[in-house]
Amino acid sequence: TMHQEYIEDINASGKHLLSLINDILDFSKAEAGKLQIEWAETDATKVIRNSLRMVLPRAEAAQVTLVEDIPPHHLVVVTDAKKLKQVLLNLLSNAVKFTPAGGEVSCSAWTDILTGALNVQVRDTGIGIAPKDISRVMTPFGQVDSALSRKYEGTGLGLPLSKKFVESMGGRLECSSEPAAG
């Protein structure tokens with residue numbers, strides 16, 4: 001019925017607003033250096049697989065193939081599992097969102113032999129970003145203004161928040177891209 005559609009629209013709008021508010025709160029905490037990090041021994045392999053599973057329905061709906069490329073042994077690191085998962089979900093859902101049907105999103109992970117640091121890489125065959133625009137997508141609310149980006153909804157906080165989370169856990173988030181090269 002028409003009422004049911006309205007109710008669903010209101011519900012979806014409410015959820016979108018809530019996620020926007022939560023992102024803003026998280027970002028302002030990060031800016032103020034008040035992010036609570038809950039350090040614990042974390043099975044990164046499980047977190048990655050779990051994140052891929054959560055993004056799978058969206059990828060299937062978008063006709064995008066998800067590829068998992070992680071070693072068979074478990075990658076265990078001391079980090080904040082919840083924040084790691086949030087970063088992965090942000091990166092993976094972004095990659096799916098900006099990859100056209102028939103494309104591919106892959107997630108690979110490995111441990112640096114010299115430092116013992118965990119490396120996680122999310123690659124896609126999507127629309128890509130011009131190198132000059134990368135710094136813009138890393139700033140709050142900074143979306144690259146193109147006909148394509150207007151087609152996608154988002155808060156413009158996913159990447160800057162992910163960057164803050166990664167840095168607060170002692171890591172680095174790097175982005176490299178070319179238009180039409182994912």
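**View 1. Glutamine 63 is found in the loop between α2 and β2**. In this predicted model, local features need pLDDT of at least 70 and side-chain atom pairs count only at pLDDT 80 or more, while totals for chains, interfaces and linings use all residues. Residues are numbered from 1 along each chain as its sequence is written, and side-chain values use heavy atoms, with hydrogens and water left out. Although glutamine 63 is not a glycine, its phi is positive, at about 55 degrees; most residues other than glycine have a negative phi. With a relative accessibility of 56%, glutamine 63 counts as exposed (exposed means over 50% relative accessible area, buried under 20% and partly exposed in between, with a 1.4 Å probe and protein chains only). Helices and strands are named here as DSSP runs numbered from the N terminus (H or I over at least four residues for helices, E over at least two for strands).

**View 2. Strands β2, β4 and β5 form an open sheet in that order, with mixed pairing**. Because β2 and β5 stand at the edges with a single partner strand each, one side of each is left without a neighbour in the sheet. From one strand to the next the twist averages 10 degrees (axes are lines fitted to C-alpha atoms, for helices over the stretch in contact, and angles run from 0 to 180 degrees between N-to-C directions). Helix α2 (residues 44-61) packs on this sheet and touches β2, β4 and β5, with its direction at about 170 degrees to that of β2; contact means heavy atoms within 4.5 Å.

**View 3. Strand β4 is joined to β2 in the parallel sense and to β5 in the antiparallel sense**. Strands β2 (residues 65-69) and β4 (residues 104-111) are joined by 5 bridges, where pairing requires that DSSP finds at least two bridges between two strands. Threonine 65 has glutamate 104 in β4 as its bridge partner, and aspartate 69 stands opposite serine 108 in β4. Between β4 and β5 (residues 118-124) there are 7 bridges, and valine 105 has aspartate 124 in β5 as its bridge partner. The hairpin of β4 and β5 has 6 residues between the strands, and there glycine 116 takes a positive phi near 80 degrees.

**View 4. The second largest pocket holds about 200 Å³ of space**. Its lining comprises Asp26, Lys29, Leu35, Gln36, Glu38, Asp80, Lys82, Lys83, Gln86 and Phe165. These residues divide into 6 charged, 2 polar and 2 nonpolar. Helices α1 (2-31) and α3 (81-97) each supply at least two lining residues, and α3 gives the most, with 3 residues. On a 1 Å grid over the protein atoms alone, a pocket is an open set of points where a 1.4 Å probe fits, with protein on both sides within 12 Å along at least five of seven lines, and lining residues have an atom within 4 Å of a point; the volume is the space filled by probe spheres set on the points, which are joined across faces, edges and corners.

**View 5. Helix α6 carries buried residues, among them Leu159 and Phe165**. Pro160, Leu161, Ser162 and Val166 are also buried in α6, and Phe165 is one of the residues lining the second largest pocket. Glycine 170, which follows α6, has a positive phi near 85 degrees. Alanine 180 lies in the segment after α6 (158-168) and has a positive phi of about 65 degrees although it is not a glycine. At 70% relative accessibility, alanine 180 counts as exposed.

Terms used:
Nonpolar A, V, L, I, M, F, W, Y, C, P; charged D, E, K, R; others polar.
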